[in-house]
Amino acid sequence: MDMTINAAEVEKILADSRGKSERELDDILDRAEALKGLSPEDVAALLTTGSSTRIERMFRIAGQIKEEIYGERVVMFAPLYISDYCVNRCAYCGYRCDNKFTRRKLTMDEIRSEAEILERMGHKRLALEAGEDPVNCPIDYILEAIHTIYGMKAGSGEIRRVNVNIAATTEENYKKLHEIGIGTYILFQETYHEPSYARFHEAGPKRNFNYHLTAFDRAMRSGIDDVGGGVLFGLHDWRFEVLSLMLHNRHLDETFGAGFHTISMPRLCHAQGMDMSAYEILSDDDFKRVVSTVRIAVPYTGMIISTRESPAMRKELIKTGISQISGGSSVEVGGYALREDGGEQFEVADNRPAIDVMRFLMDEGLVPSFCTACYRKGRTGDRFMSLAKSGNIKNVCLPNALMTLCEYMMDYGDDSFRIQADALINTNLSKIRNDSMRELTRGNIEKIKNGKRDLFV
Ligand code: SF4
Ligand code: SF4
């Protein structure tokens, strides 16, 4: 059976879980700390507690879990917007169909040059983004764009994984996306609360709540192994949204053997022309709590934060479980070329170039990673999940992070970057526990320094 959501049931679980004693909360947190997995009732108890000491403990455990599962690597990616045509009227989005501006979609040459610019920033993993418009942005255009990006080579690098964030579609179209070799298929539910969904999705095919909610069922039935979910925090009560996300994750796990590969954590921010009183904007503290609860509830899922958040907030959230961040992003169609030409700057809260985001990570003792190894080694879907759940994923994450960091430092780093990255690589090499893996990685680092590229385990 496809995904359904029963709002009354979600609300009942939340209501029944309120007011747990500190002892009961500690019991839940002990199990979380031991990576034993949490029931929806446990998650609801964490979402509804008012105990500040237990909330602080949650923050600490979330950070520990991220470290325990993935180690110190933080995966980097960038979005690539290829078309802003859209037939939907989502109240919170600048691309909504009644907003008047000159819309565009990139030609294949433009897509190639955007991908080249991203590659010159060091990126290897993109999230391809497009509005929904079957006439101006049909599936064939998306497929051609992916083909173009995979075929691009710039200097000694290339884009190695294209994740795709396009509108809910048919099984036939998902099969085509699978066949062309996408990475993760990403789709935000926006809100799991059907009345709120109806309120904020005013017109267009996206208004169909059930079609949107069951998109991952169609995608996974069509062969796509890795799907990435998310909600736009601010459209409805965050406790309801987090618990619903977890129920969606459980549904996918039970039906297809793998829950969400990633969960994105976008928080609704002020945008021009929006009536902010219509939204339930989260405070920084509540948002931190959302992130840490998700990390605790789904320890093995990649968690993504975008440049919607400020550098200071991103720093906080990495400590409470975020494992992937975008860097140097443009959220405009053709925005990377515009920026190179001195065109308009994009409006995001963190507009540092990718290299500065990497420096910030390294200053924190973290290892920025451009790894795409799992996807290319066939470690997707349930194969990925079993490696993650066995606790062995970090045995490949760290070596791959160090190799891709070495590539970056050789190809794009300046002198000061190289000194910092080289020291970080050496320190982290000694943290690889398995002797043969450590020696393999050490050897590969030397090969990369001598000009070899694209080594991974
Ligand atoms: Fe914006 Fe996507 Fe809604 Fe279109 S479908 S208006 S691009 S959120
Ligand atoms: Fe991600 Fe797999 Fe690379 Fe780890 S080894 S960073 S899980 S692709």
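## Second largest pocket

The lining of the second largest pocket comprises twelve nonpolar, five polar and four charged residues; Ala, Val, Leu, Ile, Met, Phe, Trp, Tyr, Cys and Pro count as nonpolar, Asp, Glu, Lys and Arg as charged, and the others, Gly among them, as polar. The model is predicted, local features need pLDDT of at least 70, side-chain atom pairs count only at pLDDT 80 or more, and totals for chains, interfaces and linings use all residues. Residues are numbered from 1 along each chain as its sequence is written, chains are lettered from A and ligands numbered from 1 in the order in which they are written, and side-chain values use heavy atoms, with hydrogens and water left out.

This pocket has a volume of about 360 Å³, and 21 residues line it, with Leu38, Asn249, Asp253, Ala297 and Val298 nearest its centre. A pocket is an open set of points, on a 1 Å grid over the protein atoms alone, where a 1.4 Å probe fits, with protein on both sides within 12 Å along at least five of seven lines; lining residues have an atom within 4 Å of a point. The volume is the space filled by probe spheres set on the points, which are joined across faces, edges and corners. Helices α3 (40-48), α11 (238-256) and α17 (381-389) each contribute at least two lining residues, and α11 provides the largest share, five residues. Helices (H or I, at least four residues) and strands (E, at least two) are DSSP runs, numbered from the N terminus.

## Aromatic pairs

Eleven aromatic pairs are found in the whole structure. Rings of Phe, Tyr and Trp (its six-membered ring) pair if their centres lie within 6.5 Å; planes under 30 degrees apart count as stacked, over 60 as edge-to-face and the rest as tilted. The pair of Tyr185 and Phe216 is edge-to-face because the ring centres are 5.9 Å apart and the planes stand at 75°. This pair joins distant parts of the chain, 31 residues apart: Tyr185 belongs to strand β5 (residues 185-186) and Phe216 to helix α10 (residues 215-221). Tyr185 is buried at 0% relative accessible area, and Phe216 is buried at 4% (buried is under 20%, exposed over 50%, partly exposed in between; 1.4 Å probe, protein chains only).

Tyr197 is buried at 1% relative accessible area, as is Phe209 at 5%.

## Charges over rings

Lys105 lies over the face of Tyr141, 4.7 Å from the ring centre. The charged end of Arg239 sits over the ring of Trp238, at 4.0 Å from its centre. The criterion is NZ of Lys or CZ of Arg within 6 Å of the ring centre and within 35 degrees of the ring normal.

## Positive phi angles

Leu35, although not a glycine, has a positive phi of about 55°. Leu35 is located in the loop between α2 (22-33) and α3 and is partly exposed, at 23% relative accessibility. Glu190, another residue other than glycine, has a positive phi near 70°. Glu190 lies in the loop between β5 and α8 and is buried, with a relative accessible area of 9%.
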